[in-house]
Every structure is written in structure tokens, then in C-alpha cells.
Amino acid sequence: MYKKTAVFVASVAAAGGASAANVDFHGDFDNRFQVYTNQNNFFNNNQPNATLGDTTGKASVDDSYGEIKYRIWTTASTDDDNVKGVYVVEIGGVRFGRSGTGRSQGGSFSGDGANVETRWAYTEFTFPANESHSVRVGLQPYDLNGFIWNETATGISFFGSVTDETTYSAAWIRGKERRNESATDEFQSVDGYSFRLNNKTINNTALGAFLLYQVSDSGATAPSDFGNISSANYEIKQFGDVDFEVFSLGIEGSHSLSFSSSTAFVKWDLIYQNGAISNVNYITDNVEADRSGRTSTSSSFDLSTYFVNLSFGLEQDRTKYTYTIWYASGDDNPGDNKMNAFLATDVDRTESIVFFEGGYTNDQAHSERPYLLDKGLIMNRFGLDYKCSPKLTIGGAGIYFLTAEDIKYKDDNNIARASSDLGVEVDVYVNYMLYPSLELAVNAGYLLSSEAMDFYDIKRDGKADNDIFRTTAQMRYKF
């Protein structure tokens, strides 16, 4: 994947002897382009403080832009690889021509911006008594499950092998720190504690199970101090300073079967959540309550949700067929104090170019989560990939989207509306490896909007005003 460059840097004299440090240097230089979209406002919903609705309309909101996202990382390790330190910097989403300072800016005249961030920074070592077990401390990649939490996070993780077939990981991750300021305060930060077990005892079968406990104590006692949650930002990393206690139990796995010149496979994820969210203002996203559908005035919600992913596939010579179905539970009664909508913490889903981060300019997307609003999602996706040559791959997908529960709102004429049918999306892509380390790609997604997309329209009249089209491109150099 990456071409590894090992450089002997130094031998440092120390008491009792000397040690050597080996340094590996890697890069990921990603140049991305939104070639065109006809509904640019639809792709702002993934940002903090996004609002519901009023993003699409009969009039086109066209836009095209280019940006860069560059990552450079260094791994320094001892000769025996028992100790290593990793540091990764990122220039994130710098837009061509965008002025100002800060992340995603500094692309205008003279390049006058400060937009470098630390992506990873951690130290890792094996236990001297048993090198099958390791600990990692710092800002690190945290991959519990791709549908609930799979992103960079700060904390301490332990991982290793129990047997040749069984591995484990355990972690304490702090998503948000709150400073205690009085003797009566308790721990008020947002913490996650997880344990995961993986097993490959059976041939061609991988099994995994995990438990995640997440807790937050905001310290708020008066309603005026309660934090906010909204349907547009229904994800733990987007929550305001609220209290919650959430348990997530998951089982996942895969199995493959080879016959003749073909391989069939199946993958699955089953996740159940339970808990409570309290001391919260569930806001209506800056639109009227009767339009957003959220009518409960409760400041406490009992959480009970589930998520199912099943994916079936067949690989024959150069062709790969995949059928995927998701079911993320949604909230069916916006007026009570029960919340049945599946809740992710921090993920990046790419199965759709229109709804998710399947576009190469994925810093601007409608959602990174495997559901929409707090209404869950039912996704049926059929994908086809064909390797024309060792360098050229083409493919596409047809996707049918519905929310698990109806999106309920009142239109501009005060008529009650309810629908779950979002529409059918058609995606295509072409990927060409100009050199082993240089990738050129272009993709496009077209959503044939159905009735439920009226909720996002500027003018709500019970029917979707426009289909949505987006095409993006990429030139990516990795070493």
C-alpha cells in the first residue's frame, strides 16, 4: 500500500549502553475536486451547528471547487520494534482560493493561512514480560466498529493476542474534557470504555464482539444550563454539554466460501444500545417546531436502539457483486420521552455519494452517519465493480433509501405530511492507477428524489422539488 522508507537516524548513547532509532516516513497527498453539483447547500449538513431543511429547491445552487488534504507521518521505533512513537500532521481540506486563517482556509493569494493540525500523536510499546501484549497512549486511530465509532481519539488502549486465533483490545477514550471547578463537582468529562474480542478459529470465518460504555456528566442543574441536541446533529460528538449513559453491545463477523474460480462472502454487524440522555434541550434546529416534528418538551430520554448490517457478495474473475442492506432504528414518536434512534459516536460512511461521504470531497457531505436525522435508515444497495486491467477499475451502485420511521412535518400550507421514501440513487466511478503510487479517480451520484425529500426543500408542498446530482474527482499520491 505505502512504500516504506526506513532511515537510520541516530545511535544515542545512554547509561549502560546505546539504542538505535529507525524512522519511517509516509505521505498521503490527496487533491480533490467537486467537479459539479446542482444542490450545493445539501452538502453542508455534516458540519457543526447545521440546521434542518431549507437546503434544496427548484432553483439550482451550482458549485465547483478544488481542495487539498495532505497527511505526513513519521514512525520512530527501536530496532526490536518494542517501542514506537507516531506523529501525523494534516493540512485539512484547504480550498482553492479560500482566504483567511484556520482549518480549510489559506488557499487564496500568497497562501496566507494557518491550517496544520495534529492527526495522530501517540507512543506504543510491548510489555517486556510478554511481547504479545501492547499499550498505546495518546491521540490515536480508534476502531471499535465502523458503524458506531471509528475515528481519531485521545486515550489509552491495550491490545494483543490471547492465542494464535484470538485477539483483544480494551480502551479508555476521552472525547471531551470538562474542567471541575468546585469541591462538589464530580467527574464531568465525556468518557468511553470499551472491550473487544476477535476470533478466527473456524476456517474463512472471522467473529468479533464488543461492549462500549459511554458516560457524560455536564454538571448542569438548571434548564438554562442544559446542552443541546438536534436531529441534524444527532451524533455523540455533536452533542452539547448534556448528561448521558449509553451501553452498546455489538456482534460482527464475516465468512467466505471459494468454489471453482469464484468466492462468495457474507459480512454482518448487529448492535444494540440502551441507556439514557438527560439534562438536555432537544432543539428544533432553528425552524418551527411544527415543521421539524420534534414536539416533546422533556429534558430526559430513555434510549433503546439497534442497528443491523448484512452484506452478501460474489467475486468472479475480474467482477465483484455486492448486495448490502442496513436497518438503523429511528425514533417513531417525537412527542414522548423515549428515543429509539440508533446513535453513532464518530464514523465516516462512504456507501453513498449523495447522502454520505462517498464523494472525494468528503469534508463537505450531507451525513457521515449510517442514518438520517433521528429517523434511522433502511438502505438497499447493489454494487458492481469490474477490474478492466491491473490499472483500471470501474463500477457503480444502485441504492434505494428509506428512513426507518416517517419524517413528519407540516408543509407551507400547514398540511401534515409524513413519508419515509427518500428515493433511488445511482452511483458510478472510474479509478485509474497512473503509477503504482498515484491514483486518478472520478465518480458521480444522482438521486431521483422521492416524497420524503420535500422535508429538505425551501418550499415544502408534499413533493420533492429537485433531483440531486454530484460529481467529484481525485488525484492522490501515497507513499
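This is a predicted model: local features need pLDDT of at least 70, side-chain atom pairs count only at pLDDT 80 or more; totals for chains, interfaces and linings use all residues.
**Exercise 1.** Describe how strand S6 pairs with strands S5 and S7.

*Solution.* Step 1: S5 (residues 116-127) and S6 (residues 130-145) are paired in the antiparallel sense by seven bridges; Tyr122 stands opposite Gly138 in S6. A hairpin of two residues joins S5 to S6. Step 2: S6 and S7 (residues 149-161) also run antiparallel, joined by twelve bridges. Here Tyr142 has Glu151 in S7 as its bridge partner, and three residues lie between the two strands of this hairpin.

**Exercise 2.** Classify the aromatic pairs Phe239 and Phe244, and Trp326 and Phe356.

*Solution.* Step 1: the model holds 31 aromatic pairs. Step 2: in one of them, Phe239 and Phe244 lie 6.2 Å centre to centre with 80 degrees between the planes. An angle over 60 counts as edge-to-face, and the pair of Phe239 and Phe244 is edge-to-face. Both of these residues, Phe239 and Phe244, are buried. Step 3: the ring centres of Trp326 and Phe356 are 5.7 Å apart and their planes are at 35 degrees, so this pair is tilted. Step 4: the pair links distant parts of the chain, with Trp326 in strand S16 and Phe356 in the loop between strands S17 and S18, 30 residues apart. Trp326 and Phe356 are both buried.

Terms used
Residues are numbered from 1 along each chain as its sequence is written. Side-chain values use heavy atoms; hydrogens and water are left out. Two strands pair if DSSP finds at least two bridges between them. Helices (H or I, at least four residues) and strands (E, at least two) are DSSP runs, numbered from the N terminus. Rings of Phe, Tyr and Trp (its six-membered ring) pair if their centres lie within 6.5 Å; planes under 30 degrees apart count as stacked, over 60 as edge-to-face and the rest as tilted. Buried means under 20% relative accessible area, exposed over 50%, partly exposed in between (1.4 Å probe, protein chains only).
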